[in-house]
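Here are my notes on the model you sent over.

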Amino acid sequence: MDIGIVIKNMNGYFYVQDDRGTVHECKVRGRLKQKRYSLLVGDKVEFTAADGAIESILPRQNQLKRPAVANLDQVILVVAAHEPDINALLLDKLLVMIEHANIPIKLCINKCDLADACTDELVNRYEDIGYTVLRTSTYNKTGIAELRQLLQGKLSAFAGPSGVGKSSLLNAIEPNFEFQTGKVSDKIKRGRHTTRHASLFSLDEYSFIMDTPGFSAIDFSDISLEELIPLFPEFITYGEGCKFSPCYHEHEPICSVKEALASNAISESRYHSYLVIREEIKQQKKY
Ligand code: GDP
Ligand code: ZN
């Protein structure tokens, strides 16, 4: 029996890559099918290469609905220093969604050829929270080797607003990928946002990247007001002295998060994002 990872699901076939990098076209063995357990891209499976048959699925570490993928190790969340300017609220919303999915995050600030003092401020803000922040430029080729290093041995998805350079970064990492890049407006015209099955690109036998950007739709419908609090990791760090439990860090007296805000240990921008997302969740719960 061989072991491999499902990298593509097309026309009823699953494409399984073994640990030598060879891809096998497989069907799911009948008895596995009867269990009605749907196989996802990213699943590790036992299969018989000679029969092209998937025999069993190894236990999943995690699974996501949108994008439909199993065993994601990390999300590389990409924003641009400029063009488009960073929208701090959108960035925090994406962070909250990925934190909620409980998947490790690395931040990547691309277009650092356009970087200025605002970029430094942003890098500091998120490094202080504990996030790893990478600076890249596909124009200057800076940070590309470091990014490649972060992807080593992992299954990664790229996420982030359109036009920040996700496709360009993937092409810079591995020119064989040939991701379609282009100006934001061109892409919208072409309607590139139609949903389709994700598949995985293999960087080497052990490193994989999803070909479709993840977390494109912002949706807080399955996050409660209480669950939202620790999705801001700095609230865990600074929230230990709060009198109430849970403390929503809004109107409560003796709140160490608000004290940290007053002393600039927590940034205004992050706290503002928290209040906005909290309000959006409240509005959703009314319906
Ligand atoms: P995606 O929508 O996130 O996949 O973004 P693309 O990779 O399609 O890039 C969008 C635009 O940004 C293209 O016009 C790229 O040429 C440009 N771009 C990509 N990387 C950089 C960079 O490092 N610096 C600058 N200034 N522009 C970049
Ligand atoms: Zn508090």
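1. Domain 2 and domain 3 bury about 1100 Å² between them, with carbon and sulfur atoms giving 67% of that. Buried area here is the accessible area (1.4 Å probe) that two parts lose on being put together, summed over both. This is a predicted model: local features need pLDDT of at least 70, side-chain atom pairs count only at pLDDT 80 or more, and totals for chains, interfaces and linings use all residues. Residues are numbered from 1 along each chain as its sequence is written, chains are lettered from A and ligands numbered from 1 in the order in which they are written, and side-chain values use heavy atoms, with hydrogens and water left out.

2. For orientation, the bounds are 2–58 for domain 1, 64–211 for domain 2 and 225–285 for domain 3; such bounds come from an automatic or database domain assignment. The C-alpha centres of domain 2 and domain 3 sit 27 Å apart. Their contact (heavy atoms within 4.5 Å) takes twelve residues from domain 2 and 13 residues from domain 3.

3. What holds charge pairs across this interface? There are two salt bridges between domain 2 and domain 3, meaning a side-chain nitrogen of Lys or Arg within 4 Å of a carboxyl oxygen of Asp or Glu. Separately, Glu280 and Lys93 meet through their side chains in a salt bridge, at 2.9 Å from N to O. On the side of domain 2 that touches domain 3, α2 (88–100) and α3 (117–129) are the elements giving two or more residues, and α2 gives the most, with eight residues. Helices (H or I, at least four residues) and strands (E, at least two) are DSSP runs, numbered from the N terminus.

4. Now the open sheet: six strands, ordered β10-β9-β8-β11-β13-β12, with mixed pairing. Two strands pair if DSSP finds at least two bridges between them. β10 (132–135) and β12 (200–204) each have a single partner strand, so one side of each is left without a neighbour in the sheet. Strand to strand, the twist averages 25 degrees; axes are lines fitted to C-alpha atoms, for helices over the stretch in contact, and angles run from 0 to 180 degrees between N-to-C directions.

5. Within that sheet, β8 (74–80) and β11 (155–159) run parallel, joined by four bridges, and Ile76 has Phe158 as its bridge partner in β11. α2 packs on the sheet, touching β8 and β9 (105–110), with its direction at about 180 degrees to that of β8. α3 lies across β9 and β10, at about 155 degrees to β10.
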